[in-house]
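Please open the structure in your viewer and keep the selection tool at hand.

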Amino acid sequence: MTISTHIAGYGAYLPSKILTNRDLESIIDTSDAWIQSRTGIKQRHIAADTEATSDLATAAAHKALERAEWQPQDVDMIIVATTTPDYTFPATATRVQDKLKAGSAIAFDVQAVCAGFVHALAVCSSMMKDGMAEKALVIGAETFSRILDWSDRSTCVLFGDGAGALALQAKQNNPEGAGIIKTLLRAQGTDFRSLYVDGGASTNGKIGHLRMDGKDVFKKAVTRLADISQELLDQQGLDAQDIDWFIPHQANQRIVDALGRKLRIPAAKIATTIASHANTSAASIPLVIDSYGQQGHLKPGQLLLMQALGGGISWGACLVRY
Ligand code: UT7
């Protein structure tokens, strides 16, 4: 008996407050022209003071449950990929379980920063293969606005807040071959100073701010994500032409374009939301799935290639038959 993990529903939540590039011009020394030409970003959503990461995650989860036609109590596992948790502990997923009233579903967080969602998909798929869960919510949710240094123009213009959720169902002996096919994950801890937050419970006891060597991360994102994606395709005996939708982490349009060129994936098959969402870290991939799903672009049987790289440095790629 083989068990596969299927997408049964998707959902998203974006805070109502929008911060445009023009708004940023009045806060720091930047310009709409610089941000758009260097990143492709036009605006980002910012959580209200009263909204915690679990609120964003819960709102996205409700949408995914609705689309899957599940009740909260049907869910037996909730995984939240986040690096901006509500509290140092407990896991934000336990707050989501409580807010959803999802019984005693397994609930824990995965912390792999921008690569968190692909890590969470891998964990969910493995646990479903082990028979530990049948109906899961895998959520990417972030409030990066809380860890940005709003005086550092090289980082604060790049990120936004939001959440995306997938309802994932374990199916046995699935004849259509749909579901998560394979995920590859990597980390290189020696690179940690390239992208990190200068705070933490066991270092200085502060929440800290995001620090990044943007050029270094840019180069590593292009080479490592191209390599891992090619390795994944080769392992599965697939070619870039077999991909229906390339769903990359939304960090920078120039990174996405470079990856498309390296992997020979045409622009028409590359899904992007970076202009309106900016970089939402672990939430970016499920936010793209929700946006493209709602527009009717995602069809059963299509092959999706997701990939992401972030702090750690951690990265990964995941192939899914929709
Ligand atoms: O989610 C995963 C993690 N993040 C990423 O993947 C991001 C990877 N990196 C990047 O996306 C890009 O490196 C950035 C968008 C961060 C920066 O783009 P860049 O083309 O590498 O610019 P740069 O850092 O080389 O800066 C070029 C110039 C500098 O001025 P000088 O030294 O040439 O006079 C910066 O001071 O642009 C200046 N600059 C800005 N100017 C206006 C930097 N930030 C800004 C800004 N507005 N916001």
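**Before the first stop**

This is a predicted model, in which local features need pLDDT of at least 70, side-chain atom pairs count only at pLDDT 80 or more, and totals for chains, interfaces and linings use all residues. Residues are numbered from 1 along each chain as its sequence is written, and side-chain values use heavy atoms, with hydrogens and water left out.

**Stop 1: the whole chain**

Helices (H or I, at least four residues) and strands (E, at least two) are DSSP runs, numbered from the N terminus. Along its principal axes, the C-alpha trace spans about 60 × 45 × 40 Å. The radius of gyration is 18 Å, which agrees with the value near 20 Å that a compact globule of 322 residues would have; the radius is taken over C-alpha atoms, and the globule rule is 2.2 Å times the number of residues to the power 0.38.

Of the 322 residues, 56% count as buried. Buried means under 20% relative accessible area, exposed over 50%, and partly exposed in between (1.4 Å probe, protein chains only).

**Stop 2: Val157**

Select Val157, in the loop between helix H6 (153-156) and strand S7 (161-172). Is this residue, Val157, buried or exposed? Val157 counts as buried because its relative accessibility is 0%. Leaving aside neighbours within four places in sequence, Val157 is in contact (heavy atoms within 4.5 Å) with Leu24, Ile28, Thr30, Ile35, Ile41 and Arg44.

**Stop 3**

Move to helix H5 (residues 116-129) and select Ser125. Ser125 is buried, with a relative accessible area of 8%. Not counting residues up to four places away in sequence, Ser125 touches Thr5 and Ile180.

Next, select Cys124 and Cys318. The sulfur of Cys124 is 10 Å from the closest cysteine sulfur, that of Cys318, and this is too far for a bond. Cys318 is likewise in no disulfide. A disulfide is counted when a pair of cysteine sulfur atoms lies within 2.5 Å, and a search of the whole structure finds 0 disulfides. Cys124 is buried at 0% relative accessibility, and Cys318 is buried at 0% as well.

**Stop 4: helix H10 and its surroundings**

Select residues 284-294, which form helix H10; 10 of its 11 residues are buried. Among them are Ile285, Leu287, Val288 and Tyr292. After H10 comes Gly296, with a positive phi near 80 degrees.

Then select Ser281, in the loop between helix H9 (274-277) and H10. Ser281 has a positive phi of about 55 degrees, although it is not a glycine. Ser281 is buried, with a relative accessible area of 1%.

**Stop 5: backbone details**

Select Lys101, in the loop between H4 and strand S5 (106-110). Lys101 also has a positive phi, of about 60 degrees, and is not a glycine. Lys101 counts as exposed, at 65% relative accessibility.

Finally, inspect two cis peptide bonds. One runs from Phe89 to Pro90, with omega near 5 degrees; Pro90 lies in the loop between strand S4 (77-81) and helix H4 (92-100). Another joins Gly312 and Ile313, with omega about -5 degrees; Ile313 is in the loop between strand S12 (303-310) and strand S13 (314-321).
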